[in-house]
Amino acid sequence: MAAADSPTLPLPLTCTPGNTIPLPAGPPEKLPDNHTPILASILTSSLTLTLVPRLLPPPPPGHLQIRILSTALCGSDLHYYRHFRNGSIIPKTPLILGHESCGVVTAVGPPCPDSPTHDSTSPSSSPSPTVFEVGDLVALEVGVPCGKCVLCLPPSKGGLGRYNICPNMRFRSSGKEPLGGGLLEGTLQGGLNHLASWCHKLPPGFNPHLASLLEPLSVALHATSRLPTLASIKHPQAILVLGAGPVGLLISACLKRLHPSPENRPKIVILDIIHSRLDSAVHELGWADSSILLTPQLLQLPPPDLAAYIHKRLSATLGPGPRIEAVFECTGAPSSLSLSFNLPSPGGKVLILTIPPRESTVPLGMATLREVDVLGVFRYNEGDYERAVEVVGGGRIRGLDKLISHVFKGLEGLKEAMELVGKGVDVNGKGVVKVVVEGGEGDWGEGAVRSALWGGEGN
């Protein structure tokens with residue numbers, strides 16, 4: 001659907017437990033008790049963001065009320081903003097975008113009536129639940145699965161332990177309707193109520209900007225966990241990462257910095273069309289061993305010929321015939337997807353992290369003849385978020401803060417932030433990597449928000 005053809009969907013959003021509610025008509029004194037006025041940025045069609053006042057109810061049982069401190073913008077946010085779709089996912093209702101977030105707890109809901117100690121949708125092998133208090137800094141794991149299907153249940157209970165692909169998953173900011181219905185609003189609003197069992201308590205002093213990177217880092221950790229250990233292979237080997245955007249950079253960082261056997265670690269080679277990103281990945285951040293710039297001339301080559309060129313480049317730096325053990329496809333571009341199937345050595349793997357168009361052409365024969373495994377990678381699974389907190393808190397990947405290239409304050413700057421992400425470079429020529437939108441004073445609360453909505457003096 002082209003941007004110009006994107007329909008404008010009506011407000012307000014439908015109400016789902018945990019979501020905000022429309023602001024009632026009338027003066028401030030008519031507001032329901034214990035409801036907090038907030039502002040939300042709502043996408044009603046492509047390129048159309050509307051700043052709308054909403055009310056945040058008290059947290060339901062088992063939930064935390066959270067004031068959003070920072071949200072990092074994702075490629076999926078940009079796709080929804082530009083085209084009102086993300087790959088094959090086309091929303092049927094307006095969306096509040098944002099899912100890479102952290103915030104501070106402002107209220108704690110009562111225990112769940114059916115389970116005073118643990119919610120049924122929490123991670124399958126979690127220990128006793130975390131005790132939360134007002135003032136705690138938390139990272140939001142924004143996908144809430146059903147907790148009951150064969151995918152959610154752990155192997156010890158007859159399940160598969162893969163809750164990230166639960167068909168009833170409700171994922172904040174996604175336009176994909178769960179089987180049971182009930183979309184959850186994204187985090188680009190003043191605050192929200194979220195299940196406590198899907199919040200991760202962060203230690204004091206944790207940088208909120210880095211906390212907003214825990215979600216994409218969890219994606220990278222999940223992706224790299226799908227590779228078997230390669231430490232026993234002695235032949236020169238390489239892993240290729242197609243795309244030096246935030247996810248591609250984080251995958252490179254995980255592969256290089258967290259490998260259990262550094263002396264036998266494969267060489268990490270990252271490819272992109274933007275030289276500055278590759279230079280940063282190799283020289284500034286040190287998250288890749290080498291890079292290959294895909295120039296416009298190279299991109300004109302058929303995928304098999306481009307793959308042959310890449311193999312030749314690798315042989316020149318790694319020695320004759322290096323094995324390409326795995327290729328991570330992180331761009332979503334059809335040409336890159338096709339290229340990824342031409343690159344692995346026999347017995348290698350292709351890992352796809354993007355949502356391609358519904359109809360995509362790939363050379364499956366190349367995979368069949370060489371027994372190349374094709375793996376889909378979708379979000380993150382049990383233990384990935386906790387490990388991300390440990391990695392960031394322990395400083396195991398140096399330079400994470402450099403991933404954040406631009407910061408905007410308050411929701412009123414969201415449209416400008418989205419446009420900047422789409423351009424890829426700012427007015428000064430600085431490359432855009434990760435853009436963070438901080439919560440503003442006017443996005444939350446009785447004073448600033450009431451003044452903005454009704455023109456009165458803040459309390």
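Strand β1 (21–22) is joined by two bridges to strand β3 (residues 48–56), and the two run antiparallel. Strands here, like helices, are DSSP runs numbered from the N terminus, with at least two residues (E) for a strand and at least four (H or I) for a helix. Within this pairing, I21 stands opposite L55 in β3. The model is predicted, and local features therefore require pLDDT of at least 70 and side-chain atom pairs pLDDT 80 or more, whereas totals for chains, interfaces and linings use all residues. Residues are numbered from 1 along each chain as its sequence is written, and side-chain values use heavy atoms, with hydrogens and water left out.

The β1–β3 pair belongs to an open sheet of four strands in the order β1-β3-β2-β5, with antiparallel pairing; two strands count as paired if DSSP finds at least two bridges between them. Because β1 and β5 (95–96) each have a single partner strand, they form the edges of the sheet, and one side of each is left without a neighbour in it.

Helix α11 (residues 414–423) contributes the buried residues L414, A417, M418 and L420. Because these buried residues fall within an arc of 160° when seen down the axis of α11, they line one face of the helix; the arc is that of the directions from the helix axis to the C-beta atoms. Buried denotes under 20% relative accessible area, exposed over 50%, and partly exposed the range in between (1.4 Å probe, protein chains only). E416 and K423, on the other side of α11, are exposed. The buried residues of α11 pack against β2 (36–45), β3, α1 (75–83), β18 (404–409) and β19 (434–438), contact being defined as heavy atoms within 4.5 Å. G424 follows α11 and has a positive phi, near 85°.

P167 is located in the loop between β8 (143–144) and β9 (170–171). With a relative accessible area of 38%, P167 is partly exposed. Apart from its neighbours within four places in sequence, P167 is in contact with C149, L151, P178 and L179. The C-alpha atoms of P167 and L151 are separated by 8.6 Å, the two residues being 16 apart along the chain.

C149, one of these contacts of P167, is buried at 19% relative accessibility. C152 is buried, at 5% relative accessibility. A search of the whole structure finds zero disulfides, a disulfide being a pair of cysteine sulfur atoms within 2.5 Å.
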